[in-house]
Amino acid sequence: MSFDITQLTDATRRHGTIARVVVAETAGSVPREVGASMLVWPDGQIGTIGGGELEFRAAEVAREMLTTGRNSQVARIPLGPALGQCCGGAVTLLTELFSADSIADLAPDGVFARPVSTSHDTNLAVQRVLDRARGRGERPIPQLLQGWMIEPVAQPTIPVWIYGAGHVGRALIDVLSPLPDLAITWVDTSLDRFPEQVPTGVTALPAANPVNTVTMAPDHAHHLVLTYSHSLDLDLCHAILSRPFVSAGVIGSATKWVRFRKRLGNLGHSLDNINKIQCPIGDPGLGKAPQAIAVGVAAALLKSAANNNVTNRGIPSDGGYAPSRRAIDT
């Protein structure tokens, strides 16, 4: 887990001052790991620290802090004695308030480190972790270390390019956008094809000819082709096969793919290369509803990303390309 400054910024823009609750330390059997977090505001919340009663109590404390203006609190909670939960372990929660002003210059070096005890001095152990992160680029694990909470800032490293903002594309965005490791670029022919609210962290890229955007994707990207047009799907597959990629899939039936395979072969692609594209996508056993397709596609994508995790190490954290949300006249 890591500190998602993009999500926090978006939440403060929408709701004003936000309380963030993060699991700072654990002992024994507990619902979530160190670094798991949630954001809380007076009439809502997102994220989860798990545990049902633990989360309910933590949200109550967070809302009380929003009322009183207390900036931070550290609390160790034995789950059995304090809450009657059967996990048997203990969780230390750090709750902090954030506003748009307070996060403006937060963690510019990719690490969010701050004292949470009475002493503000940086001790040797903390300094060693920070030096490794800032000097060598080694991302620290989330940890409460000698009175300091240290968290790496979320840096999406897996580029996913989705072509098509129809029913399946939207369902897929709903499933994938909450995952912090994915840098999602969403392509369609015009801005009005996208919903009014594109999820935080997703880049909507309108392009008159989406095929011309394929060259903008980094070589380690995953491509998902879900457009309204079979001919556009074919052109996109041709463009993807003409450059390096990690994985690719196109929506459609087995019959559609038989025709595509023949046409792609006629365009000069080898059978081995064509077979790198999956069609149909998802898990047919789950059904044909957009949400069912999205669940199957997401599972396959995450497995592919996990299998390529070693390959992806050392890739630039910006995913290679970060287009703005503007129409590209191509």
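D188 is buried, at 4% relative accessible area (buried means under 20%, exposed over 50% and partly exposed in between, with a 1.4 Å probe and protein chains only). Its salt-bridge partner is R193, with N and O 3.3 Å apart (a salt bridge being a side-chain nitrogen of Lys or Arg within 4 Å of a carboxyl oxygen of Asp or Glu). R193 comes out as partly exposed, at 28% relative accessibility. This is a predicted model, so to speak of a local feature takes pLDDT of at least 70 and to count a side-chain atom pair takes pLDDT 80 or more, while totals for chains, interfaces and linings use all residues. Residues are numbered from 1 along each chain as its sequence is written, and side-chain values use heavy atoms, with hydrogens and water left out.

Side chains of opposite charge can pair when their charged atoms come close. The structure has 11 salt bridges. One of them joins E151 to R114, with the closest N and O atoms 2.8 Å apart. That pair links distant parts of the chain, since E151 sits in strand β8 (residues 148-152) and R114 in strand β6 (residues 111-115), 37 residues apart. Helices (H or I, at least four residues) and strands (E, at least two) are DSSP runs, numbered from the N terminus. Both E151 and R114 are buried. K256 and D233 make another salt bridge, at 2.7 Å between the closest N and O atoms. Here the link runs from helix α7 (residues 254-266), which holds K256, to helix α6 (residues 230-241), which holds D233, and the two residues are 23 apart. K256 and D233 are both buried as well. Shared partners also tie salt bridges together: R20, E96, R114 and E151 form one network.

The strands that hold R114 and E151 belong to an open sheet of three strands, ordered β6-β8-β7 with antiparallel pairing (two strands pair if DSSP finds at least two bridges between them). β6 and β7 (143-145) are the edge strands, each with a single partner, so one side of each has no neighbour in the sheet. From one strand to the next, the twist averages 20°. Axes are lines fitted to C-alpha atoms, for helices over the stretch in contact, and angles run from 0 to 180 degrees between N-to-C directions. Three bridges hold the antiparallel pairing of β7 and β8, and M149 in β8 is the bridge partner of L144. Lying across β6, β7 and β8 is helix α4 (residues 124-136), which runs at about 135° to β7 (contact means heavy atoms within 4.5 Å).

Aromatic pairs come to five. Rings of Phe, Tyr and Trp (its six-membered ring) pair if their centres lie within 6.5 Å, with planes under 30 degrees apart called stacked, over 60 edge-to-face and the rest tilted. W257 and F260 have ring centres 6.3 Å apart and planes at 50°, so this pair is tilted. Both residues lie in helix α7, three residues apart, or about one turn of the helix. W257 is buried at 7% and F260 is buried at 2%. Elsewhere, ring pairs link F3, F98 and F112 into a cluster.

What about disulfides, and how many turn up in the whole structure? The search finds zero (a disulfide is a pair of cysteine sulfur atoms within 2.5 Å). For C237, the closest cysteine sulfur is that of C279, 7.6 Å away and too far for a bond. C237 is buried at 1% relative accessibility, and C279 is buried at 11%.
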